[in-house]
Amino acid sequence: MAGRSVVVGVGHYLPERIVPNSEFERTLDTTDEWIRTRSGIERRHFAAEDETTSDLATKAAEAALEDASLSADDIDAIIVATSTADLTFPSAATMVQAQLGMTNGFAFDIQAVCAGFVFALSNANALIVSGQAKRVLVIGAETFSRIMDWTDRSTCVLFGDGAGALVLEAQEGEGTAADRGILATDLNSDGRYKDLLYVDGGVSTQSTGHLRMQGNQVFRHAVEKLTKTAETALDRAGLSSADVDWIVPHQANIRIIQGTAKKMGLPMESVVVTVQDHGNTSAASIPLALSVGKQRGQIKQGDLIVTEAIGGGLAWGAVVLRW
Ligand code: UT7
C-alpha cells in the first residue's frame with residue numbers, strides 16, 4: 001500500500017477579454033502570420049483592469065471544487081504557483097483562502113515562473129504523502145499582461161492571463177504504476193541562466209519592471225531539458241514514453257511542444273495543445289490545459305499523463321500522474 005495524491009477535481013478561469021494577434025499589428029512592427037508561425041499563438045486573454053491574479057485563481061479554485069463536489073471547508077492547504085501575485089505580500093494563496101471563505105488550514109505561494117505549476121504539484125504531493133495534508137488545492141494563476149513591455153514585439157505578443165486549479169486528495173494505492181495519482185516528479189533549476197528570462201524590477205530594486213527574454217536562447221535549452229526531465233520522471237515511475245496517454249506541456253511555443261513530443265517518440269495526437277487560444281500563461285498554462293483537455297473529452301480517468309515545463313531561472317521539471 002502507498003499514499004497517493006489523486007486528482008479529484010479540475011477547473012479553470014479565463015478573463016473575458018480576448019485579444020487576437022491582429023490587435024498587435026496596429027501598434028507594433030509585427031504580423032498575425034509571424035506570431036502564428038513562430039509561436040503557434042492566435043489569441044490570448046487579458047485580465048480587466050480591476051481583476052487581479054487572486055481573483056482569477058479563486059474562480060479557477062471554485063470550478064475545481066465544484067468538479068470535485070467539495071467545499072472550501074474540505075481543503076487543508078492551498079498552493080498558488082504565480083510570479084504575478086496581487087501584492088508583495090501576503091501571498092496570493094492567502095487571498096484565495098479568504099475569498100473562498102476558508103478559515104482553517106494553510107496557504108502559500110510558489111514562485112518558479114513557467115515551471116511553477118510543476119513545482120507546486122510536487123510540493124503538494126510531498127505534503128500529502130508525508131501526511132501533512134489530506135486535500136490540497138493546487139492553483140496556477142498569472143496576470144503576465146501587467147509585466148509586459150508593450151513596445152517590445154519579441155515578448156508582448158507571447159503571453160496571456162488565466163488560471164487553472166486541481167484538487168488533490170490523499171488516497172491509498174497499491175504502490176505500483178497502475179495507481180491513480182502522482183507517480184513521480186522531477187525538479188531542476190540552474191541559476192547560471194537567470195539572464196535569459198527575467199523581470200528587470202522587484203521589491204528589492206524598487207520597481208515593478210518588465211519581462212525580458214532572449215527567446216531563441218531559451219528555445220535552445222527547452223526541447224532537450226523538457227525531454228530529459230519527462231523521461232527521468234517516467235523512469236522513476238517505472239514507465240516509459242510508450243506508456244504515456246497524454247503529454248500536457250507548458251504552452252509557450254508550438255514548435256517546442258512538437259519538438260519535445262517528437263524527441264519522446266510520441267505523436268501530436270497524444271499532446272493537449274491550448275497555446276493557440278491562451279498564449280503563454282506561465283504557471284497557469286498546465287492546469288489550464290488539464291482542465292480544457294478534460295472538457296474536450298481528451299483526458300479520461302486512468303490515463304497516464306506527463307506534464308513538463310521550463311521557464312525563468314532557468315527552472316524546469318516534470319510530473320507523471322495517472323488521472
Ligand atoms: O515560458 C517560458 C519559456 N519561454 C519560452 O519557452 C519561449 C522560447 N522561445 C520562443 O518561443 C521563440 O524563441 C520566440 C517565439 C520567442 C521567437 O522565435 P524565434 O524563431 O526564436 O525567433 P528569433 O527570436 O530568433 O527572432 C527572429 C526574428 C528577429 O529578426 P532578425 O534579427 O532575424 O531580423 C526578430 O527581431 O524575428 C524578429 N521578431 C519579430 N518579427 C515580427 C521578434 N519578434 C517579432 C514579432 N514580429 N513579434
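Start at the second largest pocket, which has a volume of about 600 Å³. Of its 31 lining residues, select Leu158, Met213, Gly215, Phe219 and Asn253, the closest to its centre. The model is predicted, with local features needing pLDDT of at least 70 and side-chain atom pairs pLDDT 80 or more, while totals for chains, interfaces and linings use all residues. Residues are numbered from 1 along each chain as its sequence is written, and side-chain values use heavy atoms, without hydrogens and water.

A pocket here is an open set of points on a 1 Å grid over the protein atoms alone, where a 1.4 Å probe fits, with protein on both sides within 12 Å along at least five of seven lines; lining residues have an atom within 4 Å of a point. A volume is the space filled by probe spheres set on the points, joined across faces, edges and corners.

Next select α7 (215–236), which gives the largest share of this lining, six residues. Domain 1 (2–173) and domain 2 (181–322) both contribute to the lining, so the pocket lies between them; the domain bounds come from an automatic or database assignment.

Move to the largest pocket, about 770 Å³ in volume. Among its 30 lining residues, Ser83, Thr84, Ile147, Val199 and Thr208 lie nearest its centre.

Finally, select Lys225 and Trp316. The charged end of Lys225 sits over the ring of Trp316, 5.2 Å from its centre (NZ of Lys or CZ of Arg within 6 Å of the ring centre and within 35 degrees of the ring normal).

Key. Helices (H or I, at least four residues) and strands (E, at least two) are DSSP runs, numbered from the N terminus.
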